[in-house]
Every structure is written in C-alpha cells, then in structure tokens.
Amino acid sequence: MKKILPLIATCALFSFSAFATQPVQLSLPKLNLPSGNVEGARVSLLYGQTDTVKGLDISIFGLSEINDFTGLSIDFFGAQRVKNNFTGVSFSFINWHDNTGKGATLGFVNYTKNNFTGLQFGGFNYAGTLNG
C-alpha cells in the first residue's frame, strides 16, 4: 500500500500538468515542452502543434500549427496555420487560416478560407469574404 500511494500521487501530478495552461512552451516536431495550451509565449522550431495559444508565438524555420490563436505571431522563414479562429497580428512568410480571422496578416501569402476582418498585406491575399 505504501508503494501504491506515491505512484498514484505521481500519476495525478503529471495528468494535471498535461491539461494545464503553460506560460512558456517550446514546440518541436511531435513534442511540446511542457505540454498543454499556452497563455504567454511559445517558440516552435521546424514544426509545432498546440491546441490554443494566447500571447506571443514565434516560429523558426517551419510550420506553427494552432487550432485557436489570439496574439502576435512572428515567423522566421516559416508559416503559421490556424485551423479555427485567428485574432491578432501575424508577420509570416505564409499565413494560412482554415476558418476565420480578425486583425492583420502581413506576409508573402495570406489565405483565409472564410471571413477575414482587418488587413491582409502581401504578394497574394485571399479571403472567402473580407471586411476591412
């Protein structure tokens, strides 16, 4: 019994951290350190995937993939993909938003499948509907 109790406590501790919101995250291919959503700053190298990011997102040499994003995204030789909702400002070579966006996207290619409200500035700009 004495050996089981510490094991249960350890499992509980790690299970809560998997669902917690992190202030800082390093995102690598198939690995987030620490795991969970981000409210603060996230840096992805080569490829990073996180469900929700609120704050600063920096991508270096790769693709930053997020379901819901609110904040400032800066990509160095990379691309940003937001699957659901984008709100904020993004400076990226490619801004790829599968659903809706609100704010500003500045890049060589700016693509929003549905409605975008705000500014798209780049070599190629597309929005299902554009308000702004």
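Analyst: What follows goes through the salt bridges, then the rings, then the serine. The model is predicted.

Start with the charges. A search of the whole structure finds four salt bridges. Glu65, Arg81, Lys83 and Asp98 are linked in a network of such bridges.

Take glutamate 65 and arginine 81. Their side chains meet in a salt bridge, at 3.2 Å from N to O. Glutamate 65 lies in strand β3 and arginine 81 in strand β4, so this pair ties together parts that are 16 residues apart in sequence. Both glutamate 65 and arginine 81 are buried. For glutamate 65, the relative accessible area is 7%. Buried means under 20%, so glutamate 65, at 7%, falls in that class.

Glutamate 65 also forms a salt bridge with lysine 83, where the closest N and O atoms are 3.5 Å apart. This pair links distant parts of the chain: glutamate 65 is in strand β3 and lysine 83 in strand β4, 18 residues apart. Lysine 83 has 27% relative accessibility, so it counts as partly exposed.

Now the aspartate. The side chains of aspartate 98 and arginine 81 meet in a salt bridge, at 2.7 Å from N to O. Again, distant parts of the chain are linked: aspartate 98 sits in the loop between β5 and β6, arginine 81 in strand β4, and they are 17 residues apart.

The charged end of arginine 81 sits over the ring of tryptophan 96, 4.2 Å from the ring's centre.

Next, the aromatic pairs. A pair of aromatic rings is described by the distance of the centres and the angle of the planes. A search of the whole structure finds four aromatic pairs. One of them joins phenylalanine 93 and phenylalanine 108: the ring centres are 5.4 Å apart and the planes are at 10 degrees, so the pair is stacked. Phenylalanine 93 lies in the loop between β4 (79-91) and β5 (94-97), and phenylalanine 108 in the loop between β6 (100-106) and β7 (109-121), so the pair ties together parts that are 15 residues apart in sequence. Phenylalanine 93 is partly exposed, with a relative accessible area of 48%.

Tyrosine 111 and tyrosine 126 form another stacked aromatic pair, 5.3 Å centre to centre with 15 degrees between the planes. This pair links distant parts of the chain: tyrosine 111 is in strand β7 and tyrosine 126 in strand β8 (residues 124-131), 15 residues apart. Tyrosine 111 counts as partly exposed, at 30% relative accessibility. Tyrosine 126 also counts as partly exposed, at 37%.

Last, the serine. Serine 59 lies in strand β3, which spans residues 37-76. Its relative accessibility is 0%, so serine 59 counts as buried. The side chain of serine 59 makes a polar contact with the side chain of serine 44, at 3.5 Å. Setting aside neighbours within four places in sequence, serine 59 is in contact with Ser44, Ser64, Ile74, Asp75, Phe76 and Ala79.

Conventions
Residues numbered from 1 in each chain as written. Predicted model: local features only at pLDDT ≥ 70, side-chain atom pairs only at ≥ 80, totals over all residues. Heavy atoms only, no water. Helix = DSSP H or I, 4+ residues; strand = E, 2+ residues; numbered from the N terminus. Buried < 20%, exposed > 50% of the residue type's maximum accessible area, 1.4 Å probe, protein only. Polar contact = N/O pair within 3.5 Å; in protein donor to acceptor, adjacent residues only side chain to side chain. Contact = heavy atoms within 4.5 Å. Phe/Tyr/Trp six-rings, centres within 6.5 Å; stacked < 30°, edge-to-face > 60°. Lys NZ or Arg CZ within 6 Å of the ring centre and 35° of its normal.
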